[in-house]
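This briefing is for a reader new to the structure shown below. Its points are grouped by topic.

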Amino acid sequence: VQLQASGGGLVQPGESLRLSCVISGGSVSTLTVGWFRQAPGKEREFVAAIRGSGGGGSRHYADSVRGRFTISRDNAKKAATLQMNSLKPEDTAVYYCTADRHLILSSIRDFRQYDYWGQGTQVTVSS
């Protein structure tokens, strides 16, 4: 499985960005797809995840982004997106798209449990 993330950029506080993740290699519908972010000097942190068909496609969010970010997927297009609204300076980080086929629900917030990673895309929120 290969992942290609895109859509990052520089925006002002309160603006929006939409990140995309194109997935190739193997069946997409059974993958849990997640987004993590990492700011300089900080550990990689969970942002959002959407489970595959085995998990009913349920969506999960970090408390810091719930209500502002929306994760979605289109299995036919083999893609996932992260719509980010009302961005704040503290959202500044490199955002990574990730996926795994065998995650259990209790593991989806742990970056160490994901097997497949994209290259990351920079999001900068600054006035």
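The model holds 5 aromatic pairs, a pair being rings of Phe, Tyr and Trp (its six-membered ring) with centres within 6.5 Å; planes under 30 degrees apart count as stacked, over 60 as edge-to-face and the rest as tilted. This is a predicted model, in which local features need pLDDT of at least 70 and side-chain atom pairs count only at pLDDT 80 or more, while totals for chains, interfaces and linings use all residues. Residues are numbered from 1 along each chain as its sequence is written, and side-chain values use heavy atoms, with hydrogens and water left out.

**Aromatic rings**

- Two rings are described by the distance of their centres and the angle of their planes.
- F36 and F46 make an edge-to-face pair, with 5.6 Å from centre to centre and 75° between the planes.
- F36 belongs to strand 4 and F46 to strand 5 (residues 45-50), so this pair ties together parts that are 10 residues apart in sequence. Strands here are DSSP runs (E, at least two residues) and helices are DSSP runs too (H or I, at least four residues), both numbered from the N terminus.
- F36 and F46 are both buried, where buried means under 20% relative accessible area, exposed over 50%, and partly exposed in between (1.4 Å probe, protein chains only).
- F36 also pairs with Y114: the ring centres are 5.2 Å apart and the planes stand at 75°, so this pair is edge-to-face.
- Y114 is buried, as is F36.
- A cluster linked by ring pairs contains F36, F46, Y96, Y114 and W117.

**A charge over two rings**

- R44 lies over the face of Y96, 3.9 Å from the ring centre. The rule for such a charge is that NZ of Lys or CZ of Arg is within 6 Å of the ring centre and within 35 degrees of the ring normal.
- R44 also lies over the face of W117, at 4.7 Å from the ring centre.

**Strand 9 and its partners**

- Strand 9 (residues 93-100) has 7 of its 8 residues buried, so it is largely enclosed by the rest of the structure.
- Strand 4 (residues 32-38) pairs with strand 9 in the antiparallel sense over 7 bridges; two strands pair if DSSP finds at least two bridges between them.
- F36 has Y96 as its bridge partner in strand 9.
- Strand 11 (residues 121-125) is paired with strand 9 in the antiparallel sense over 3 bridges, and V123 in strand 11 stands opposite A93.
- Strand 10 (residues 116-117) is paired with strand 9, again antiparallel, over 2 bridges, and Y116 in strand 10 stands opposite A99.

**The disulfide**

- The count comes to 1 disulfide, defined as a pair of cysteine sulfur atoms within 2.5 Å.
- C21 and C97 form this disulfide, with their sulfur atoms 1.9 Å apart.
- The link of C21 and C97 is left-handed, with -80° about the S-S bond.
- C21 in strand 3 (residues 17-24) and C97 in strand 9 are 76 residues apart, and the pair links these distant parts of the chain.
- Both C21 and C97 are buried.

**Two residues of strand 4**

- T32 is found in strand 4 and is buried, with a relative accessible area of 5%.
- Leaving aside neighbours within four places in sequence, T32 is in contact with residues including A49, T98, L103, I108 and Y114; contact means heavy atoms within 4.5 Å.
- R37 is also found in strand 4 and is buried, with a relative accessible area of 4%.
- Not counting residues up to four places away in sequence, R37 touches several residues, among them E43, R44, S64, F69, E90, D91 and Y95.
- R37 and G120 are 83 residues apart in sequence, yet 8.5 Å apart in space, C-alpha to C-alpha.

**The whole chain**

- The protein chain has 0 helices and 11 strands.
- A compact globule with 127 residues would have a radius of gyration near 14 Å, and the protein chain agrees with its 14 Å. The radius is taken over C-alpha atoms, and the globule rule is 2.2 Å times the number of residues to the power 0.38.
- Taken along the principal axes, the C-alpha atoms of the protein chain fill a box of roughly 40 × 30 × 25 Å.
- Of the 127 residues in the protein chain, 43% are buried.
- Among contacts between residues at least 6 apart in sequence, 57% join residues at least 24 apart.
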